Protein chains: 2
Amino acid sequence: MPKIKIIIADSHFLSRKGLAIVLEENADFTVLSEALSASDLVNHSKFYHPDLIIIDYTSANFSIDNIQQIVKKYPNTHLLAITDMQSNISIAKALNMGVTSHLLKDCDQDELIEAIYKTAKGEKFMCGKIASAVLIDKSSVNEYTCEGLNISDREMEIIKLIAEGLSNKEVADKLFLSTHTVTTHRKNIMNKLGVNNTAGLVLFAVRENLISPNHFLFAGN
Amino acid sequence: MPKIKIIIADSHFLSRKGLAIVLEENADFTVLSEALSASDLVNHSKFYHPDLIIIDYTSANFSIDNIQQIVKKYPNTHLLAITDMQSNISIAKALNMGVTSHLLKDCDQDELIEAIYKTAKGEKFMCGKIASAVLIDKSSVNEYTCEGLNISDREMEIIKLIAEGLSNKEVADKLFLSTHTVTTHRKNIMNKLGVNNTAGLVLFAVRENLISPNHFLFAGN
DNA sequence: TTTAAAATACCTCTTTTTAGGTATTGTCTT
DNA sequence: AAGACAATACCTAAAAAGAGGTATTTTAAA
């Protein structure tokens, strides 16, 4: 069997080092390169054509959108995501964007190895927490949703702007809508989320990575 | 020279593995144990009396308050914190709580090694980003603040409750204050932070770890 | 093609937030 | 003892948010 050719994509030195050592210990794997940023990843993919990319799309200099870019360009390369625990919606998004498998950084070595073998062959693998987070029907591994929470794209857009501190009127102006429309969206969103004020909306926005807590450069920073 | 005795405290498998391998490569270091939680850390510290604890106090099952607990009980043990990038205030808090040194997970191996040697001797070491974040006067390495941002404890308390979704009146009731007082605090806070609505307050609260983005268990999760 | 859902817009009314002030008390520091 | 700051409380008034509807149009799916 030829070796599984792997690129590591993670901006954290320790995670890369940890991964590299685990991969080196196994004769079936070979690490082609380490990508510290999305642009690294694009360049290295082009040059090496790896079988597998292990990526933390939440780490600095990467984004969840990088997944789709890679999947489209290199359909023969499979992606294994390994991130910290995060929201169901983000995980579902990563899977729907084309990540073959998904683990968490606190899962153990056996799971990692198994995930690598399966993912390289194009088989899906998810650690327990991920699976229970996003699988509606545990028997079908093809559709990923977060039961109950169907926030539309337009609603997401509006949540984001509200979290950025815009008033309903400002959102309306920005999106060329009536303030009534924005108000209605806001109400619908709050109903879906089960919250009743801006604080809830903003926390949701942070959780879904619609906005960074560092969005405001608070005075004196 | 006797070996530097180290405990690794981090709930991320990959970070632990990465650290362990770096430490193994150096004959001056010996890793006594790996702690996956705060209670692990307390037990292992009691048993091993390490020279150095390398900790990610932001990782699951640890908290920034663990620092003070360890420092008080074992004054001969020095702490080296390694975390993802986070807010100035949290970093300053960690340092004031007794962390000897502080790095970020994306710094490189040389810095890590240097930090370990120095920290084990009780000398302070900070990577560039950390230093520029918290040192007022680059020549004195003894006082850590975030210039310009003096939010009082009372104000922090109020920010937290607002971020939890309480109205001014509810905060007032909870703290046995007049709504006028809460309103005044809120205004003062917004002035200090340079924001003009609840969204800004909530983002600040998240950034300072006063609240988790998962505070609300949004419907359907 | 019928149905369902999303996006749009409007109305009313109450509560809350935001912005502009002033002012008193206590504590800590110089 | 003076000064600075934190914590407390009050006043007014405009702007915005929240809760309760209804209703039309467009889009997507069955």
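Modeller: Let's start with A:Ile53, whose bridge partner in S4(A) is A:Leu79. Keep in mind that this is a predicted model. That pair belongs to a set of four bridges joining strand S3 (residues 52–55) of chain A to strand S4 (residues 78–83) of chain A, and the two strands run parallel.

Five strands of chain A make up an open sheet with parallel pairing, and the order is S2-S1-S3-S4-S5. At the edges you'll find strand S2 (29–35) and strand S5 (101–104) of chain A; each has a single partner strand, so one side of each is left without a neighbour in the sheet. On average, neighbouring strands of this sheet are turned by 20 degrees against each other, ignoring direction.

Hop over to chain B and look at strand S3 (residues 52–55) there. Strand S1 (residues 4–9) of chain B is joined to S3(B) by four bridges, and the two run parallel. Within that pairing, B:Ile7 has B:Ile53 as its bridge partner. S3(B) also pairs with strand S4 (residues 78–83) of chain B, again in the parallel sense, over four bridges. Here B:Ile54 stands opposite B:Leu80.

Which way do the side chains go? In a regular strand they alternate between the two faces of the sheet. In S3(B), B:Leu52 and B:Ile54 point one way, while B:Ile53 and B:Ile55 point the other way. All four of these residues are buried.

From the strands, move on to the helices of chain B. Helix H7 (residues 153–163) and helix H10 (residues 198–207) of chain B pack at an angle of about 110 degrees, and their axes are 9 Å apart. With that angle, H7(B) and H10(B) are therefore roughly perpendicular to each other. On the H7(B) side, the contact involves B:Ile159, B:Lys160, B:Ile162 and B:Ala163, which meet B:Thr198, B:Leu201, B:Val202, B:Phe204 and B:Ala205 in H10(B). Sorted by class, that contact has seven nonpolar, one polar and one charged residues.

Next, the two chains together. 47 residues of chain A are in contact with 46 residues of chain B. On the side of chain A that touches chain B, helix H1 (13–24), H7, H9 and helix H10 (198–207) each supply at least two residues. That side of chain A divides into 23 nonpolar, 16 polar and eight charged residues.

Last stop, the DNA. Helix H7 (153–163) and helix H9 (179–193) of chain A, plus helix H8 (168–175) and helix H9 (179–193) of chain B, each supply at least two residues of the surface near DNA strand C. H9(B) gives the largest share of that surface, five residues. By class, the surface near DNA strand C has two nonpolar, 14 polar and six charged residues.

DNA strand D has 21 residues around it, with A:Asn197, B:Ser152, B:Arg154, B:Ser178 and B:His180 the closest. For DNA strand D, at least two residues of the nearby surface come from each of helix H8 (168–175) and H9 of chain A and H7 and H9 of chain B.

Definitions and conventions: Residues are numbered from 1 along each chain as its sequence is written. Chains are lettered from A and ligands numbered from 1 in the order in which they are written. This is a predicted model: local features need pLDDT of at least 70, side-chain atom pairs count only at pLDDT 80 or more; totals for chains, interfaces and linings use all residues. Axes are lines fitted to C-alpha atoms, for helices over the stretch in contact, and angles run from 0 to 180 degrees between N-to-C directions. Angles under 35 degrees count as roughly parallel, over 145 as roughly antiparallel, 65 to 115 as roughly perpendicular and the rest as oblique. Two residues are in contact if their C-beta atoms, placed from the backbone, lie within 7 Å. Ala, Val, Leu, Ile, Met, Phe, Trp, Tyr, Cys and Pro count as nonpolar, Asp, Glu, Lys and Arg as charged, and the others, Gly among them, as polar. Two strands pair if DSSP finds at least two bridges between them. A residue is buried if 20 or more other C-beta atoms lie within 10 Å of its own, exposed if 12 or fewer, and partly exposed in between; C-beta atoms are placed from the backbone. A residue is near a molecule or strand if its C-beta atom, placed from the backbone, lies within 6 Å of it.
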